[in-house]
Amino acid sequence: MENYSLPPKPKNSLWKKIKTIVITLLVIGLYVWTFTGIDIEWSRVIERALNNFQRVIPKLLSPDWSATSEVALAMLETVFIAFAGSLMAAILAVPIAFLAANNMMGKYLSVIGKWILSAVRAFPDIILAILFVVAVGPNAFAGVLAIAIGSTGMLGKMFSEIIESIDMDIVEAMQANGANRIQILFYAVMPQIIPEFLSYAIYRFEVDIRASSILGIVGAGGIGTMIIFASNNRNWNEMGTILLAIIIVVTIIDFASARIRRKIV
Amino acid sequence: MTKEKPSLTADKTPSIYPAKTKMQVTLIFFVIIGIYLFSMYWTQREMVGGIGGALGNMYVVIEKFFPPNFAVLPAIWEPMAQTIQMAILATTVSAILTVPLALLSAQNVTTFKPLYYLTRTFLNILRTIPDLVLAVLFVGLFGIGLFPGILALIVFSLGILAKLISETIESVDMNPMEAMRASGGNTLQVIWYALVPQVAPQFASLVLYVFEINIRASVVLGLVGAGGIGLILNQQLGFYNYPNAMAIIILIFVVVIVIEFISNKIREALL
Amino acid sequence: MIEFKDVSLVYPNGTQGLKNINVKINDGEFVVIVGLSGAGKSTFIRSINRLVTPTSGSLLIDNEDILSYHGKNLRKLRTKTGMIFQNYNLVKRSNVLKNVLAGRLGHTGTLRSILNLYKKEDIGLAYESLKRVNIEEKLYNRADELSGGQQQRVSIARVLTQQPNYILADEPVASLDPPTSHQVMTYLKKINKEDNITTIVNLHFIDMAMEYADRIIGMRAGEVVFDGPVSEVSEQTFEEIYGRSIREDDLRGGANKS
Ligand SMILES: Nc1ncnc2c1ncn2[C@@H]1O[C@H](COP(=O)(O)OP(=O)(O)OP(=O)(O)O)[C@@H](O)[C@H]1O
Ligand SMILES: [Mg+2]
């Protein structure tokens, strides 16, 4: 082989090197912290698994068909919770989104709006459900409220991003026409945002179906109530039925929602 | 303008939208309102006092939960830390497991159709099951503790992550892959040289996104006995010790916000 | 030596890409393939490194029929045929050196290449190749920071690093402006002469074909309709190949030599 000259070494700045080292150390530190913090009693886990496997898995896979109607009713309630909650959220989110969009209201108002939205989003749905169960009692309506508030946080954020992305030239053209603010809203802003708003609201319904199926765990109605009973009673056959119901309903709604959304946008 | 105005009688004035669209929209609107009203009726049927009573009760909540008892903070710091550790561990494991699954469910990599559809279907079913339901199942299998919680987070985030990453893979520029193949690279080399550099930043960003999701999920796992801070929250609620519960909820709130903020900053730097 | 013996190719959708091709390309030749869009130029070139597989006939490279190759054989074949693409096909996020080193993939073990453990000679060879196309100062730049012409030179360096016996170039200048086009063609021609690498180039432009080719193959509707040395080619030959008169946009122009 010929004698090739080797390329010059890349010159990395000192600053870059320091940065790499610091980041590496941080990541290593994080993992050391994680692994020292988590200690799993493997012997117990394995023992349990060996004991329970035979008792749980075969039963899960042979659903209890006698519970079908009860499960179906609870699942329907879950769908109702999700539907009412999503719709309320979709309506509530609109004014907040306009508040949070930086091309609609002033800069300061939009920052405040964004803060409200991210504060709401930081509460997991089920924590909201806990609060509402205390407020209105352990029933499905607590679930509706939890979903409504939880989804408002997410939808508000999505909606405000949509509003921020609209074509402001059209708004300008209307202003030049002499249109007033309300007219501009209806003729220049709405047509641009409505399809995407609808699309996100429907998508959110998909997410809310999953969310509302667990709210019953803290007493907020729907199929989650049955999940908790079935698990307390170790009724794994019934759990199989419930699982099947969730998988089927969620799949159907995902599918339908995807089709509708494709049509809208 | 001297053009004569077309003389239209009132019923001949064209409307902006075709009549059929108007009908459809009206119909859909009423169906939605109908389902909504029924849902509202159904979910409130067991509630005493109706919606008016419910809103009045908000005051009760505030009274019960406030002021939060921050004296418990030192005692709950450790379970909170453990919750974060659960999320870190679960995210790491699912980020590793995602790689083969995402490759198998990307149409441009897995050209063997049956395998592609099999993986897709598996992931789709996985994604229908909510995190807490997984946690209930795993607690049933492995008993109360951290392990079922971590497992639930892994399985749950795997479904989301694999889908997002397979979509990223499907959107890459295929030209370099063809070039590597043309120069005699084998499948592994093609993936490593042409695919990995293209998806790596998105991969990191999506893993962080899923970490955020896992943090939210991990704080509530304890409600069903799957470890972490939720366990303490559940106990305090069980004892009707609402000021303590509120302190925990506020801690959760702060931790979620801080972690999301950091994660967002890192993601912005990545892309 | 490359020898097409009655090669035909029908795409899965029924399109006839190649029709009874009989062509023999000798070592060291610089062949330019011309023809209208859809004539089968890409199909012809891609058959040689089996990015597409002809459906009948036999294709001999160094006296071996490559149509039955798969797996290891196929990768070995591709290792000795380098390819240059219209869109450069670089990994945009990777740096120039890494893109050029990718030319060694076929010569490097999987583990070595994944751990970036290239032999010193390989890295040296990559650097040398970059020097030959005068782009060595961009060594550590990301590929997407380069202009089109520079990217194409990097892709030539990648092929050089591969140390192939054959270079296939599918419309290497179609995305470049006239002066850059000539620069790229000049490099290809120089490499062809200096390293005695058989080079097959697809081109749209008649004037460029005339300027750089030793031999021209004309294709129409999947068939070879002309095959001969440049000296035998006239404007009329092109009109026969194209089935119409020559137009302004069949010429690239901008030739720097008279
Ligand atoms: N993957 C494919 N599947 C089906 N038909 C194809 C495929 N690739 C090419 N073809 C068809 O085969 C014929 C020859 O295509 P080819 O790409 O070889 O032409 P070309 O001469 O390179 O054209 P261009 O100058 O536009 O690149 C065309 O009719 C084309 O539509
Ligand atoms: Mg072509």
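## The sheet in chain C

Let's start in chain C, where β1(C) runs antiparallel to strand β4 (residues 56–61), the two being joined over five bridges. One pair to look for here is C:Glu3, which sits opposite C:Leu60 in β4(C). Keep in mind throughout that this is a predicted model.

On to the next pairing: strand β1 (residues 2–10) of chain C also goes with strand β2 (residues 16–25) of chain C, again in the antiparallel sense, this time over six bridges. Here C:Leu9 has C:Leu18 of β2(C) as its bridge partner. The hairpin of β1(C) and β2(C) has five residues between the strands, and C:Gly14 takes a positive phi near 100° there.

Step back and you get an open sheet of four strands in chain C, ordered β2-β1-β4-β5, with antiparallel pairing. The edges belong to β2 and β5 (64–65) of chain C; each has a single partner strand, so one side of each is left without a neighbour in the sheet. As a reminder of what holds such an arrangement together, strands of a sheet pair through backbone hydrogen bonds, either parallel or antiparallel.

## Chain C as a whole

Zooming out, chain C has nine helices and ten strands. Its radius of gyration is 18 Å, close to the 18 Å that the globule rule gives for 258 residues, so chain C is as compact as a globular protein of that length. If you box up its C-alpha atoms along the principal axes, you need roughly 50 × 45 × 35 Å.

UniProt, in an unreviewed entry, puts the annotation "domain: ABC transporter" on residues 2–246 of chain C. That span is 36% helix and 24% strand, and its end C-alpha atoms lie 31 Å apart.

## Around ligand 1

Ligand 1 has 13 residues around it, and the closest are C:Ser37, C:Gly38, C:Lys41, C:Ser42 and C:Thr43. By residue type, the shell splits into eight polar, three nonpolar and two charged.

C:Thr43 uses an N or O atom of its side chain, 2.4 Å from an oxygen atom of ligand 1. With C:Gly38, a polar backbone atom is the one involved, at 2.7 Å from an oxygen atom of the ligand. C:Tyr11 brings a polar side-chain atom to 3.4 Å from a nitrogen atom of ligand 1. As for cover, ligand 1 has 640 Å² of accessible area on its own, and the protein covers 63% of that.

## Chain A, all helix

Chain A is another story: its secondary structure comes to ten helices and zero strands. Follow the sequence and the pattern reads α-α-α-α-α-α-α-α-α-α. The overall dimensions are worth a look too, since a compact globule of 265 residues would have a radius of gyration near 18 Å, but chain A has 26 Å. Along the principal axes, the C-alpha trace of chain A spans about 75 × 70 × 45 Å.

## Transmembrane annotation in chain A

The unreviewed UniProt entry places the feature "transmembrane region" at residues 21–38, 79–101, 122–149, 184–203, 210–230 and 242–260 of chain A. How do two of these spans look in the model?

Residues 21–38 of chain A are 94% helix and 0% strand, with 26 Å between the end C-alpha atoms. For residues 79–101 of chain A, the figures are 96% helix and 0% strand, and the end C-alpha atoms are 31 Å apart.

Terms used
Residues are numbered from 1 along each chain as its sequence is written. Chains are lettered from A and ligands numbered from 1 in the order in which they are written. This is a predicted model: local features need pLDDT of at least 70, side-chain atom pairs count only at pLDDT 80 or more; totals for chains, interfaces and linings use all residues. Side-chain values use heavy atoms; hydrogens and water are left out. UniProt positions are given in the numbering used here, feature names are shortened, and annotations may be inferred rather than shown by experiment. A residue is near a molecule or strand if one of its heavy atoms lies within 4 Å of it. A polar contact is a pair of N or O atoms within 3.5 Å; within protein, one must be able to donate a hydrogen and the other to accept it, and residues adjacent in sequence count only if both atoms are side-chain atoms. Accessible areas come from the Shrake-Rupley method with a 1.4 Å probe; for residues, only the protein chains shown count as cover. Ala, Val, Leu, Ile, Met, Phe, Trp, Tyr, Cys and Pro count as nonpolar, Asp, Glu, Lys and Arg as charged, and the others, Gly among them, as polar. Two strands pair if DSSP finds at least two bridges between them. The radius of gyration is taken over C-alpha atoms; the globule rule is 2.2 Å times the number of residues to the power 0.38.
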